[in-house]
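Good morning, everyone. Please have a look at the model on the screen, and then I'll walk you through a few places in it.

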Amino acid sequence: MPIPGDYDGDRRADITVFRPNTGQWFIFRSGGNTFETVQFGLNTDRLVPADYDDDGRTDIAVWRPSDGTWYIIRSFDGSFFGRAWGAMGDVATPGDFDGDSATDIAVWRPLTGS
């Protein structure tokens, strides 16, 4: 499945594919024409790549609906973190909700409409 994003910060979309059966991300970066493979995520995860650390590059990220945890690999230093936010039945809806240019983790809860 193709995953849009600018993983190298050159303001051009990079060719990216995620294979759910193996949990592998294949990223062909347009800046420098380099190729990278990253093992990250499960086949039941929701893909939520975005710029969570505001460095101008898309971060590899998944949201696990079974336990409501977000897992993100920061592009600026390669560090990894997980944060519980959401519950079974929620829908991951990342976006910049506070206007600081970084993507915020968020969920929409269809049961309550909030």
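**Charges, strands and surface**

Aspartate 55 is partly exposed, because its relative accessibility is 27%. Let me give you the cut-offs: buried means under 20% relative accessible area, exposed means over 50%, and partly exposed is in between, with a 1.4 Å probe and protein chains only. What does aspartate 55 pair with in a salt bridge? Its partner is arginine 57, and the closest N and O atoms are 3.2 Å apart. By salt bridge I mean a side-chain nitrogen of Lys or Arg within 4 Å of a carboxyl oxygen of Asp or Glu. Arginine 57 also counts as partly exposed, since its relative accessible area is 24%.

A word on what you are looking at. This is a predicted model, where local features need pLDDT of at least 70, side-chain atom pairs count only at pLDDT 80 or more, and totals for chains, interfaces and linings use all residues. Residues are numbered from 1 along each chain as its sequence is written, and side-chain values use heavy atoms, without hydrogens and water.

Back to the charges. How many salt bridges does a search of the whole structure find? It finds five. In general, side chains of opposite charge can pair when their charged atoms come close. Take glutamate 36 and arginine 29: their closest N and O atoms are 2.2 Å apart. Glutamate 36 is partly exposed, at 29% relative accessibility. Arginine 29 is at 18%, so it counts as buried.

Another pair is aspartate 90 with arginine 109, at 2.7 Å from N to O. Aspartate 90 sits in the loop between S7 and strand S8 (91-92), and arginine 109 in the segment after strand S9 (107-108), so this pair ties together parts that are 19 residues apart in sequence. When I say strand, I mean a DSSP run of E of at least two residues, numbered from the N terminus. Is aspartate 90 buried or exposed? At 7% relative accessibility, aspartate 90 is buried. Arginine 109 is partly exposed, at 34%.

Now the sheet. Four strands make an open sheet, in the order S4-S5-S6-S7, with antiparallel pairing. Strand S4 (46-47) and strand S7 (80-84) are the edges, each pairing on one side only. Two strands pair if DSSP finds at least two bridges between them. Strands pair through backbone hydrogen bonds, either parallel or antiparallel.

Look at S5 (residues 60-64) and S6 (residues 69-73): five bridges link them in the antiparallel sense. Alanine 61 has isoleucine 72 in S6 as its bridge partner. S6 and S7 also run antiparallel, joined by five bridges. There, tyrosine 71 stands opposite glycine 82 in S7. Six residues lie between the strands in this hairpin, and glycine 78 takes a positive phi near 75°.

Which other residues have a positive phi? Most residues other than glycine have a negative phi. Aspartate 54 has a positive one, near 55°. Serine 101 has a positive phi too, about 80°, although it is not a glycine. Aspartate 54 is in the loop between S4 and S5; serine 101 is in the loop between S8 and S9.

Aspartate 54 brings us to the surface. Together with Asp96, Asp98 and Asp100, Asp54 gathers in a patch of negative charge. Patches take residues with over 30% relative accessible area and no salt bridge, joining like charges within 9 Å and nonpolar side chains (Val, Leu, Ile, Met, Phe, Trp, Tyr) within 5 Å. Lys and Arg count as positive, Asp and Glu as negative, while His and the chain ends are not counted. Each charge is placed at NZ of Lys, CZ of Arg, CG of Asp or CD of Glu. Aspartate 54 counts as partly exposed, at 39% relative accessibility.

There is a nonpolar patch as well: Ile15, Phe28 and Phe35 make about 310 Å² of surface. Accessible areas come from the Shrake-Rupley method with a 1.4 Å probe, and for residues only the protein chains shown count as cover. Phenylalanine 35 lies in strand S3 (residues 34-39). It counts as exposed, because its relative accessibility is 52%.

One last residue. Isoleucine 27, in strand S2 (residues 24-29), is buried at 0% relative accessibility. Valine 38 is 11 residues from isoleucine 27 in sequence and 8.1 Å from it in space, C-alpha to C-alpha.
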